[in-house]
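Welcome to a short tour of this model. Please keep the viewer open while you read, and turn to the ligand when the text does.

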Amino acid sequence: MAYDLADKRVWVAGHRGMVGSAIVRRLADESCEVLTASRTDLDLTDKAGVLAWMQANRPDAVFLAAAKVGGILANDRYPADFLLDNLLIETSIFAGAHATGVEKLLFLGSSCIYPKLAAQPIVEEALLTGPLEPTNEWYAIAKIAGIKLAQAFRRQHGHDYISAMPTNLYGPGDNFDLASSHVMPALIRKVHEAKTARAPVVVWGTGTPRREFLYVDDCADACVHLMKTYSDDAHVNVGSGEDLSILELTRLVMEIVGYNGDIIHDTSKPDGTPRKLMDVTRLAEQGWRASTSLKDGIAASYRHFLEGKYRAVA
Ligand code: GDP
């Protein structure tokens with residue numbers, strides 16, 4: 001059942017994104033040829049263009065890490081973009097993979113596919129058992145469609161397409177733009193700026209929601225592991241298996257940044273789902289677990305932030 005990446009042509013779709021670029025870094029340790037397509041050369045929402053590119057470049061394996069992504073506010077502001085662009089990217093790449101005989105495809109989703117009030121920690125079987133969190137249901141619906149596409153192609157055509165659902169990721173390549181970012185890069189930036197200005201740290205919402213975080217290079221390692229070892233219908237949660245409250249996270253970031261100021265809450269901003277912790281038993285059964293501690297990961301992220309190695313999306 002193992003899939004050998006040696007000498008394979010491996011396309012990382014979304015190689016400029018945080019996960020995609022981590023997968024490219026990780027694939028340097030495999031003796032495969034990594035294929036990438038720049039945004040100017042290929043529009044991933046263009047089905048005909050994607051097919052032509054795949055026919056010309058002939059990938060054997062595909063990591064589908066391309067997506068329009070954003071935090072709680074961006075999802076709320078651009079629902080049509082989040083739903084349509086992600087559906088178009090998925091349909092273009094799945095159709096192209098089918099047409100060009102791709103041997104193995106790993107689709108990357110997100111933990112937001114699960115119902116808002118799913119029992120914690122969230123098992124893979126919780127999918128489609130209840131209503132989604134309204135603040136990101138546009139993105140979630142598109143990602144659920146991706147899981148179903150992988151399963152449908154397995155069932156109808158016997159293709160070895162699999163899906164991995166990472167928890168909240170952070171690390172090199174993160175988006176530190178406060179209007180569109182997720183909470184981890186936002187807090188790293190906010191705490192740094194509060195320290196510089198000797199001002200309070202403003203945390204959105206009540207600080208009580210709980211989230212799980214995974215360092216993006218750990219996620220990439222898990223994806224390569226699954227690509228090589230996993231072949232089944234069911235999607236696989238990719239997480240650290242541990243969560244903490246947003247307030248606890250704020251304190252941890254403050255400790256790492258070295259700032260002892262006040263914390264204030266902006267409760268005009270939404271809390272989102274109360275808790276999001278994945279059950280990572282299935283991944284553990286595949287012989288993988290996260291290796292970067294939250295403290296080490298945040299410290300590494302903060303170093304990247306200070307070196308300016310971050311993209312601020314306008
Ligand atoms: P979610 O995991 O899909 O809800 O997305 P986020 O990472 O954007 O937000 C997670 C939690 O962190 C929510 O409860 C936010 O209200 C909270 N939060 C606190 N401060 C911030 C911030 O500055 N930016 C963001 N994006 N979230 C924040």
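Helices and strands here are DSSP runs (H or I over at least four residues for helices, E over at least two for strands), numbered from the N terminus. With that in hand, the largest share of the shell around the ligand comes from α6, which gives three residues. Please note that this is a predicted model, in which local features need pLDDT of at least 70, side-chain atom pairs count only at pLDDT 80 or more, and totals for chains, interfaces and linings use all residues. Residues are numbered from 1 along each chain as its sequence is written, and side-chain values use heavy atoms, with hydrogens and water left out.

**Around the ligand**

The ligand has 17 residues around it, and those that come nearest are Val183, Lys190, Arg211, Pro270 and Asp271; a residue is near if one of its heavy atoms lies within 4 Å. By type, the shell holds eight nonpolar, five polar and four charged residues. In this count Ala, Val, Leu, Ile, Met, Phe, Trp, Tyr, Cys and Pro are nonpolar, Asp, Glu, Lys and Arg are charged, and the others, Gly among them, are polar.

| Residue and part | Ligand atom | Distance |
|---|---|---|
| Trp204, backbone N or O | nitrogen | 3.0 Å |
| Asn136, side-chain N or O | oxygen | 3.4 Å |
| Lys276, side-chain N or O | oxygen | 3.5 Å |

Taken alone, the ligand exposes 530 Å², and the protein buries 98% of that (areas by the Shrake-Rupley method with a 1.4 Å probe). Two elements, α6 (183-197) and β7 (201-204), each give two or more residues to the shell.

**The sheet**

Now to the strands, where pairing requires at least two DSSP bridges. Six of them make an open, parallel sheet in the order β2-β1-β3-β4-β5-β9. From one strand to the next, the twist averages 20°; axes are lines fitted to C-alpha atoms, for helices over the stretch in contact, and angles run from 0 to 180 degrees between N-to-C directions.

Strand β1 (residues 9-13) pairs with β2 in the parallel sense over three bridges, and Arg9 has Glu33 as its bridge partner in β2. Helix α2 (residues 47-57) lies across β1, β2 and β3 (61-64) and runs at about 155° to β1, contact meaning heavy atoms within 4.5 Å.

**Backbone details**

In the segment before β1 sits Asp7. Its phi is near 65°, a positive value in a residue other than glycine. Elsewhere, the peptide bond from Gln120 to Pro121 is cis, with omega near -15°. Pro121 belongs to the loop between β4 (104-108) and α5 (137-157).

Conventions
Polar contact = N/O pair within 3.5 Å; in protein donor to acceptor, adjacent residues only side chain to side chain.
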